[in-house]
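Dear colleague,

I am passing on the structure that we spoke about, together with some notes for you to read beside it. Please have it open while you go through them.

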Amino acid sequence: MENETREKFIIPIGPQHPALKEPGHFEFSVDGETVTGATVRLGYVHRGIEKAAEERNWVQDLYLLERICGICSHAHALAYSLGVEKLAGVTAPPRAQAIRQLVAELERVHSHLLWLGVSAHEAGFDTLFMFSWRDRETIMDVLEGLTGNRVNYSVNVLGGVKADIDDARADAIRRGIDFLEERTQHYLKIATSDETFLRRTRGVGYTSREQAEELGLVGPTARAANVARDVRVDVPYAAYTDFPVQMTLDTRGDLEARFVVRIRELFESYRVVRQILDRLPAGELTARMPRRIKEGETVSRIEAPRGELFYFIKSNGSDKPERIKVRTPSICNFAVVTGTAKGHQLADMPMILAGMDPCFSCNDR
Amino acid sequence: MDIVKDILAILIFPAGLAVMAGGLAYEWIDRKLVAQLQNRIGPRWFQPAADIVKLLAKEEVLPEGVDSRLFYGLPVVALAGVLTAALYVPLFGLAPAHSFSGDLIVAIYLLSMLTLCSGLAGANTNDRFSLIGATRTLTQLFSYEAPFLLTLLGPAIVAGSWQISEINAYAGGHWLLFTQPVGFVVALIGLMGKLELPPFDAPEAETEIVAGAMTEYSGRGWALFRLGKNVELIIGLTLIAAFYLGGLSDPLGFLLKTLALLLAVAGLQALFARLRIDQTVGLWWRAGALLVLAQLLATIVLKGMTA
C-alpha cells in the first residue's frame, strides 16, 4: 500500500504525440503539474544508414548521407564531402567552397525559421507559427531556384558543387534575404517583448554556463548559455576563413536566450550571404576526385544549424568507405531536457524540448 | 398544449435545432476569422456541420476501466444543460422562450454544466492525459467562474432584477459597456476561459496533454461535447451582448452585436501565446476577480447613493 501511494504519476510524451513531429519517447514523472523527473528514450527512427554507407561507394554515400536529415541535409553532405576530400588530398575550388557556405547559411535560415514556428506552436502561439512558416517559404523558393530542390538540395559533389550562381540568381537571393531580414526584425521584437510569450520563455529551462559545459551542449543551445562554441569560428571550414561569421552569444541561458540567439544568428547569416554574393570568387566549380580514396581515417566537423556535426570517416583504399560514424548535435543537447526538467511545470516541457531543436531522425540515423 | 409547446421549444426553436445550427455557424465564423488572422485559409462554411455528422456516424470507442453509464451519459447531460440554458436567453434578439424571476442564476449554472461534465468525463477515464486535462479543466472552472458570475451580477444589480429579460430591457436604454467597462472586458475574457479558447486552452493543450479531458472521447460523445461548446459560444455571446451592448430586441441587432463580439474574441485568440494553468489562475484571481469586485462595490455604492 505504501508503495502504491508513492508510485510516480508518469506522463508519457511520445513515441506518438502531437508535441513531437518525429518519434521519440519522453517520460515525465509529475507531482500535480510539477515535473519531478524526466527520462528520454531514442532510436525509433533508426534506419541503419551508417551500415548501409559501408555497402555503397563514395559517390553513392553522398546521396545516402544527405538523407539522414530533411532539415539539415546540406550540413551532412558538406561534412561528408569535406572529410572525403581531406582523405583524398583534394581541395575544392574557392568558388565551390563559397557556394557551399552560401547554401549552408541559407539552410541555417530555413532551419531556424522552421524551429521558430515549431517552438511557437508548442507555446500555443499559432499565429507566430503560421507567419514564420509562411516566410520560410521564401527561403525554400530561393533554395529551390538555386539547387532544384526544396529539401535534400544535393548541391555537393565530391570535389566541388553542382550549382552555379549567375547575376539573376544572385539578385533573386538578395530579394529573398531583404524580405526576410525585415520579417526577422519583427520576430525578434515578438520574442523579446510579447508579454504572454515571455511568460512562457523567460527563466524557463535555465542552464548556467558551467552546467552547459558539463552537459556538453552544442550549437545555439550552448551559445545561449554563453558557451563560446561554434565550429564556423573555432575551426573555419569551406569558405568561412574568407567570409567569417560573428559568434552570437547570450548570457541568460534560458529559453528566451535560445530564441534571441537563433533569431540573431539569422541576421548574421543574411549578412554573410550578401557578402558571399558580392564577392563570389571566380573559377571552376569542381576539382577532380579519384574513384578510390587513399587508405586512412579522418574527422570532419562542421556547424550544422543545431550545433556541431561530427563525421568520422575511415577508408581502406577501396571505392567504398570502411566505416562512417556520424554524431549529430541533437544527442548532445537532449541532456538539456533531462537536466533541467525537474521543478518545471508540465506545460514548460514541450517548450524546453522544442527549445533545443531536437532532430530525431538525424539522431537515430 | 403547453407541454407540446415546451417540447417544440426544446427540440426545434428557440433551443434545439435552431440554436445548434446557430452554434455551428458561429463556430465556423470564429474558425474562419482566426484562420484569416493567422494567414491561413480556414474551413469551408459547412465544415463544422460536416464534422458533427461524420462524428455521429462513427464508432464510439468505450475505453477500458470507465463507468460506461457516466461515459455515455455525460455528453448528453452537457448538451442538454446548454440547450436548456438557451430557453432563458434572448436568442436571435427574440424574447426568451421561458422567463421567471431568477432565471439568470439558473442559466449561469446550466452553462457551467458543460465544463463540469467534461471535467468529470476526463476524471472518469484512466487515461493520464485525460486526468491531467480534467484537473486543469476544473482548476480553470474555479478560476474564471466567480469573476464571470460577478460580471453578470453587475448589470443585474443596476437593473434591479435577476430576470434575464428584464435586465435585457433595462440594458436597452443603457449601454453598460460604458458604465461598467471592466465588467464587459472580464465577461468577454471569462467566456473565452469557459470555452477553453486560446490563450486559455491549457486544459486541452495539444502539445502537452493531447486533447485533455476529451482524449478518450470519439464518435458520438465527442460530437455532443463539441456541439455543446458551440451552443455555449452563442449563448455566452448573446448574454454579454444583451447585458453590455445595449440589449437585444431584434434579429438584426443580435447579429451585429454578437458578430462584433465574436470578432473581438477571434482577435484575442490569435494574439496571445497559451497561458500556463498556474498563470491562468493567477490572472483571474489577482486581476479579474479583484477588478470586477471593485467595480461591483462601486456600482452598489453608487446605486445606494442615488436611491
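How many residues lie between strand 6 and strand 7 of chain A in the hairpin that they form? There are two residues between them, where strands (E, at least two residues) and helices (H or I, at least four) are DSSP runs numbered from the N terminus. Please bear in mind that this is a predicted model, in which local features need pLDDT of at least 70 and side-chain atom pairs count only at pLDDT 80 or more, while totals for chains, interfaces and linings use all residues. Residues are numbered from 1 along each chain as its sequence is written, and chains are lettered from A and ligands numbered from 1 in the order in which they are written.

Strand 7 (residues 307-315) of chain A pairs with strand 6 of chain A over nine bridges, and with strand 8 of chain A over six bridges.

Within strand 7 of chain A, A:Phe312 is the bridge partner of A:Val299 and also stands opposite A:Lys325 in strand 8 of chain A, while A:Lys314 is the bridge partner of A:Glu297. Seven of the nine residues of strand 7 of chain A are buried, so this strand is largely enclosed by the rest of the structure; a residue is buried if 20 or more other C-beta atoms, placed from the backbone, lie within 10 Å of its own. In the hairpin of strand 7 and strand 8 of chain A, which has five residues between the strands, A:Gly317 takes a positive phi near 90 degrees.

Turning to the two chains together, 22 residues of chain A are in contact with 24 residues of chain B, contact being C-beta atoms, placed from the backbone, within 7 Å. On the side of chain A that touches chain B, helix 6 of chain A gives the largest share, five residues.

In chain B, and leaving aside its neighbours within four places in sequence, B:Val89 is in contact with residues including B:Pro96, B:Ile164 and B:Leu239.

With best wishes

Technical notes: Two strands pair if DSSP finds at least two bridges between them. A residue is buried if 20 or more other C-beta atoms lie within 10 Å of its own, exposed if 12 or fewer, and partly exposed in between; C-beta atoms are placed from the backbone.
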